[in-house]
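Student: I would like to learn how to read helix packing and nonpolar cores in a model. Can we work through one case?

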Amino acid sequence: MSLKRRASARAHPNIALVKYWGKRNLELNLPATGSISITLDTLQTETTVEFDPQFKLDRFELDGQPDPARLPAVSACLDRLRQLARCSHRARVVSHNNFPTAAGLASSASGYAALVHAAAAALGLALSAAELSIQARQGSGSAARSIFPGFVEMQAGQLDDGSDSFASCLAPPDHWPLAVVVAITSDQAKSQSSSQGMELTRLSSPFYSSWLQDIEIDLPQARRAIKDRDFELLASVSEHSCLKMHAVMLSSKPGLVYWNGATVECIHAISSLRQRGLAVFFTIDAGPQVKAICLPEDAEQVALALTAIDGVQRTVITGLGGAACSLDQ
Ligand code: DP6
């Protein structure tokens, strides 16, 4: 490749319902278990990658600012694709999130999904969605799921080289158009990465092995709930998975406490909405934001109840979103 090549892509964050928290291989970033997620609409990362023989170094800009802290991971992602394309050109990567970065809204998921999609296209690589998912996984485990739309399952895989560890779509968004109300309780970026947190949990939580074992029970139940559009079953599996994950986070040494006071208030508010007959459940990732999953007709009411809580800065209502896609003609 001698000429400069440029491509742009968009990807959406995803929210895990059956959570991933633990790796079987750190180097290849292989998850210890499978996971199930929903891809969101509304929230998105848009990324342009330009390879140029004139560039001396890779550069990465996020939301208008150079981002040297994330550059090594971005470059490592580009290196894997450059190797496939047999190209040594450095790149300029410009990325925009329309939501807060690294505060538990899965910005790394949409970020790496958009990055590998755009970089592969710019390098002229015709990768399948599964191959893109494998590339995205090496940037961030949850990013493997953001390649796909709607309801998505990630396979842990068994092979040492990770070639069977990728995601696939369980059902498109219109199979069951759920809504997600995100209650933002803090715009602060988290102090510790998920990778560091997972490693701490693996090494120190006395409950880590039970956590991994239990996921094998949750996965088929969540798959069935999605297939049958069984809201009650999906609510019970998802809340249980979320609370079990936070239990192993809390029981790590030192404990990982991702919640603030408003996070806990949101949990109680969502439980009481459900007691009053609304179809809604919560999930929370490695940050203080609360995601309430509900039927679209109830989303405004859920958002109103969560906005009224002290410490909730704002809410964002999303639906289920599409696959990572090209922004070029
Ligand atoms: C709590 O995908 O960010 O959101 O693979 O180390 O980059 P790395 O981790 P990451 O972890 C996501 C953890 C989670 C649960 C989930 O999305 O399944």
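Tutor: This is a predicted model. Begin with a helix pair: the axes of H7 (residues 261-275) and H8 (residues 299-307) come within 10 Å and cross at roughly 140°.

Student: Which residues of H7 and H8 make the contact?

Tutor: H7 contributes Cys266, Ala269, Ile270 and Leu273, while H8 contributes Val302, Ala305 and Leu306. By class, the residues of this contact are seven nonpolar, no polar and no charged.

Student: What is the general idea behind a nonpolar core?

Tutor: In soluble globular proteins, nonpolar side chains tend to be buried together. Here, the largest nonpolar core has 42 residues, and Trp21, Ile38, Phe151 and Leu234 have the most contacts inside it.

Student: Which strands and helices each supply at least two residues of this core?

Tutor: They are strands E2 (14-18), E5 (35-39) and E12 (179-184), together with helices H4 (194-204), H5 (208-228) and H6 (231-250). H6 gives the largest share, eight residues.

Student: What does Trp21 touch?

Tutor: Leaving aside residues up to four places away in sequence, the partners of Trp21 include Ser194, Met198, Tyr208, Trp211, Met245, Leu256 and Ala286. Another core, of 35 residues, lies apart from the largest one; among its members are Phe60, Ala136, Ala144 and Ile147.

How values were computed. Residues numbered from 1 in each chain as written. Predicted model: local features only at pLDDT ≥ 70, side-chain atom pairs only at ≥ 80, totals over all residues. Heavy atoms only, no water. Axes fitted to C-alpha atoms, helices over the stretch in contact; angles between N-to-C directions. Helix = DSSP H or I, 4+ residues; strand = E, 2+ residues; numbered from the N terminus. Contact = heavy atoms within 4.5 Å. Nonpolar A, V, L, I, M, F, W, Y, C, P; charged D, E, K, R; others polar. Core = buried A, V, L, I, M, F, W, Y, C linked by side-chain atoms within 4.5 Å. Buried < 20%, exposed > 50% of the residue type's maximum accessible area, 1.4 Å probe, protein only.
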